[in-house]
Amino acid sequence: MFFNLFLIKKLLHPYYSSNNFVNSTLSLPYTKIMANFKLKINGKTQQIDVDPNTPMLWVLRDHLKLVGTKYGCGISQCGACTIHLGDNAVRSCQLPISAVGEQNITTIEGLSENGDHPVQKAWLEEDVYQCGYCQAGQIMNATAFLKKNPNPTDEEIEGAMNGNICRCGTYTRIKKAIKTAANSQIV
Amino acid sequence: MTRIKTQYNRRSFIKVSAAAGGGMLIGFSWLNACKPNTPEPGAGVAVPKEWFEINGYIKIGDTGMVTIYSPNPEIGQNVRTSMPMIVAEELDVPWENVVVEQAPLNTGWYQNQFAGGSLSIRLSWNALRMAGATGKRMLMEAAAKEWGIPVSHLSASNGIIKENIGERTVGYGDMASKAVGIEVPKEVELKGVKDFKLIGSSIKNVDGKKIVTGKPLFGLDFHRDGMQLAMIQHPPAFGMTIKDFNEAEIKSMPGVKDAFIIDTSIEEPGGFDEKGFKQLIAIVGDSTWQLMQAKKALKANWETTGELESSDIHVKRLEKALATGEVQESRMDGNPEAAFKKAAKIVERTYSAPFIAHNTLEPMNFFANVTADSAELIGPTQTPEALEGSVAKLLKLPLENVTVNMTRIGGGFGRRLYVHFGVEAAAISKKIGGPVKLIYTREDDMTQGTYRPTYRSIYKAGLDENNNLIAFTVKGAGLPEGPVFPNRFPAGAVENYSAEKIKADTNVTTGAWRAPRSNFTAGAEQAFLDEVAEAAGKDPIDFRLELFDRAIKDPVGEKHEYEAERYAGVLKLVKEKANWGVAKPNVHRGVAAYFCHSTYVAEVFDLSIKNGKPIVEKVWCAVDCGIVVNRDAAKNMIEGGVIDGIGHAMYSQLTFDNGTTHQMNFDKYQLIRHSQAPKEIEVFFVENEIDPTGLGEPGLPPAIGALANALYKATGQRHYHQPFVTEKQLVG
Ligand code: FES
Ligand code: FES
């Protein structure tokens, strides 16, 4: 499944025809391995040509323009990039595209049709966010967690959510929203 | 009933025109005089010209729907909801009929926008009320004209105008187009505080739905077709500059379009131009991941041009500054030295705090599109005007050819007052001759400076034989700025008092960090007062109230930057709400109160020890921020401040070796997490009719003192040096 398409792609690339980069070395024939991937993202099949090591975070953000998934640290420490791989919450900054295979990917954009997933509704109900930047990751982690543990204790919530940093300090509201969602019994 | 003028020197603050699609468009100066809270003395004073700049709009449509175009970017303080609430209150329309919209980009409508931190609401309060009240008045005058009766025979409420005696009613929508022809009143009446319906209630964040569905809101999400991406690499240490790098190799890497060195030095830099490094390597390409790989492959030669500082050096410098340093500001009442000689008991303690980073969760980034004669910038900034100025200087363009538009901001805490990342984006765009979005990695963000300074303060108190506080001194040094506020409490409450603010040098760059200086001083002072109260054998709240009593009845000295009644007020409120003085099994309590950004906050911490670890069970907060605009959102801000305060006091620090920080990402730099946050926070407000004041900062400072004092009760150990977890005696 590996193709040496990079150069051809480059030549077809819109930026190439512009004269913005006259001094650059774009004509060097480097032979980086690119590969074509077929992914199921938010219920749609997407074709992507990319270096197989590229983390899903950047595939989503740069290549598919699904920017709801956020970059915070790039080293699996903050949880801003959390998506679902199948039913599991994963850190997309650590998930190379080549490791996805047949599994379904869900991002914040695909969590519900109209933003009406019980967890999203609970977030609206508790008016959780401040800057809002961490919240997509928090919500994706919380939804995967509640699916496995629909009636969590406070300690279980803290344990499950500990990998998601909120720099603005909305932790008490996040916990409340998770409990609100759990109590709505329809997660 | 207050009346407010809509003009100044015969120039109107308000402009009214017909709205496209029918109805009335009221333009006004949304943030007249609303400048960011300038941390540097002398920077950015309000210029009257800008009071007249139209940058806020209210559209009253023929249907009665009201659209409020808010020029405010959102940094997380919920101003995009609370500010329109103020307009809607005075206009007197139901919130269901209100739509809040952001300025569409590039319309030229919003040349000057500000995100003013805790000052936002405070400074635009009158402008927003005036605009709403003017709209209401003009609609009423249009109805009066239509019906041929005096306007005094009408009243308006909830978007409906009605005759006081009589049956006739008409909706705002029906009058909107007609009101366009009415002359703008020179003066309008504002509502009495008692008549507020929206203000003081809880309105949900207008952007909530967009946030929970992952809509592109932030600078990092901004995209324009044809745009390139760029990353930078700065020298690995403060005190180093770039010489050269493996340019050819980097340029040949996959996805890399160009690589070069940029110089962002400008003439006469202002306070917001602070930054770690002026010369940087820039790499341009089409995908973030490929740029990250190129960054890893960089081999650069760096030159040491300054001292390579370490944390040891920093501590020594602070100690030396405290002994012999240059005093920046001071105050002296009475004769503390003589009083200490007479004192029956003396308590003296030293407190310190490390450099810390802002670590906004959205790293620095900016979009720039520079052409031969213009520059367009879009991204997360709190100071678009400063950025315009700096970009104009760098590119040698006339100021009017530089435009800055703002996106939602993924956390500020003071970080986005500084404009260097926008300037860098402009430099890169100029070099490549096309649009580019600059993205910092977390490591770039954490290691390039504009940190909260490191501080060290010595507090000393003297008690007489009756356990009255007769002398109090504080001497505080910082790299580079000292943390002391000479005229704040307990100035005015102690007969013999002195305060000295001392500076010292460093080449680590620093900047305003949430509640500048207060973020250290509150913790140190409030922990110290706890110890002094203990030495005096007094309850910590009673001890403070005694001091406020003195400051109220017979203040010592001239200037006091606080109102002792309001300070005492929040302490009394928290005392009552928390049931202070009633012991609970296995609950250890600490209290603190602080005043900053014109707001008073007192907090009580309830702490327990579980498995040898301190758990904050509950935090009680009493807040006097004047009129509360959006109640639940205000609580959210205070809660965030409390959690932020605990986190940084307990866990966070930057330590240095050879000019380099040990911490470069969240693996080593510890931020507070879910399990470490308080189990519950309850916020109470003092109800009064004072104009609203800041909420972004004031919740944080007292949390550090209250935490330290509760920890002492729980463990018997005092904490003097942040972060507390590194102090050996801490349990767990
Ligand atoms: S960006 Fe993936 S965990 Fe932080
Ligand atoms: S809301 Fe700002 S980081 Fe969580």
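User: Hi! Which residues in H9(B) meet which residues in H10(B)?

Analyst: On the H9(B) side they are Leu387(B), Ser390(B), Val391(B), Leu394(B) and Leu395(B), and they meet Gly422(B), Val423(B), Ala426(B), Ala427(B) and Lys430(B) in H10(B). Contact here means heavy atoms within 4.5 Å. Helices (H or I, at least four residues) and strands (E, at least two) are DSSP runs, numbered from the N terminus.

User: What kinds of residues are in that contact?

Analyst: Seven are nonpolar, two polar and one charged. Ala, Val, Leu, Ile, Met, Phe, Trp, Tyr, Cys and Pro count as nonpolar, Asp, Glu, Lys and Arg as charged, and the others, Gly among them, as polar.

User: Before we go on, what am I looking at?

Analyst: This is a predicted model, where local features need pLDDT of at least 70, side-chain atom pairs count only at pLDDT 80 or more, and totals for chains, interfaces and linings use all residues. Residues are numbered from 1 along each chain as its sequence is written, chains are lettered from A and ligands numbered from 1 in the order in which they are written, and side-chain values use heavy atoms, leaving out hydrogens and water.

User: Thanks! At what angle do H9(B) and H10(B) cross?

Analyst: Roughly 35 degrees, and their axes come within 9 Å. Axes are lines fitted to C-alpha atoms, for helices over the stretch in contact, and angles run from 0 to 180 degrees between N-to-C directions.

User: What does H9(B) lie across?

Analyst: Helix H9 (residues 384-395) of chain B lies across S15, S20, S21 and S22 of chain B, at about 145 degrees to S22(B).

User: And what order do the strands in that sheet take?

Analyst: It is an open sheet of seven strands, S15-S16-S13-S23-S20-S21-S22 (chain B), with mixed pairing. Two strands pair if DSSP finds at least two bridges between them. S15 and S22 of chain B are the edge strands, each pairing on one side only.

User: How do S20 and S23 of chain B pair?

Analyst: They are antiparallel, with four bridges. Asn365(B) has Ile439(B) in S23(B) as its bridge partner.

User: New topic: what about the sheet with S27 in it?

Analyst: That one is open too, with four strands in the order S27-S28-S29-S32 (chain B) and mixed pairing. S27 and S32 of chain B each have a single partner strand, so one side of each is left without a neighbour in the sheet.

User: How many bridges join S28 to S29 of chain B?

Analyst: Eleven, and those strands run antiparallel. Leu607(B), for one, is partnered with Val616(B) in S29(B). Helix H15 (residues 631-650) of chain B packs on this sheet, touching S28, S29 and S32 of chain B.
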